[in-house]
Amino acid sequence: TIETKATSEISIEVYDMTGHIVSVLANGYECAGLHNYSLDANKEHLAKGKYIVKVRVGDEEIKRQLIKL
């Protein structure tokens with residue numbers, strides 16, 4: 001869940017450990033409010049292993065590691 005206080009550009013991308021984008025969950029503008037995003041790793045055919053999720057809202061960016069077992 002991402003909360004925006006104003007209309008903001010949101011980007012959520014999932015990368016494999018080689019740096020290739022394997023999924024894009026969001027890429028565009030959202031109005032102020034709460035926004036839910038989810039990744040179905042089985043539907044995306046992601047192999048077991050580590051991934052990096054990069055979330056960008058406006059000028060802020062965070063990265064988190066995701067492990068599929």
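**Strand pairing and a loop residue**

Tutor: In this predicted model, Tyr15 lies opposite Ile21 of β3.

Student: How many bridges join β2 to β3?

Tutor: Strand β2 covers residues 8-16 and strand β3 residues 21-30. The two run antiparallel, and in their hairpin, with four residues between the strands, Gly19 has a positive phi near 95 degrees. The number of bridges joining β2 to β3 is eight.

Student: Which residue in β5 is the bridge partner of Glu13?

Tutor: β2 also pairs with strand β5, residues 49-57, in the antiparallel sense, over seven bridges. In β5, the residue that partners Glu13 is Lys54.

Student: Which strands are the edge strands of the open sheet?

Tutor: The open sheet has four strands with antiparallel pairing, in the order β3-β2-β5-β6. An edge strand here pairs on one side only. The edge strands are therefore β3 and β6, the latter spanning 60-68.

Student: Is Glu44 buried, partly exposed or exposed?

Tutor: Glu44 sits in the loop between β4 (33-35) and β5. Buried means under 20% relative accessible area and exposed means over 50%. Because its relative accessible area is 35%, Glu44 is partly exposed.

Student: Leaving aside neighbours within four places in sequence, which residues are in contact with Glu44?

Tutor: Thr18 is 26 residues from Glu44 in sequence, and their C-alpha atoms are 17 Å apart in space. Contact requires heavy atoms within 4.5 Å. With the neighbours within four places set aside, the residues in contact with Glu44 are Val22, Ser23 and Leu39.

Note on methods
Residues numbered from 1 in each chain as written. Predicted model: local features only at pLDDT ≥ 70, side-chain atom pairs only at ≥ 80, totals over all residues. Heavy atoms only, no water. Buried < 20%, exposed > 50% of the residue type's maximum accessible area, 1.4 Å probe, protein only.
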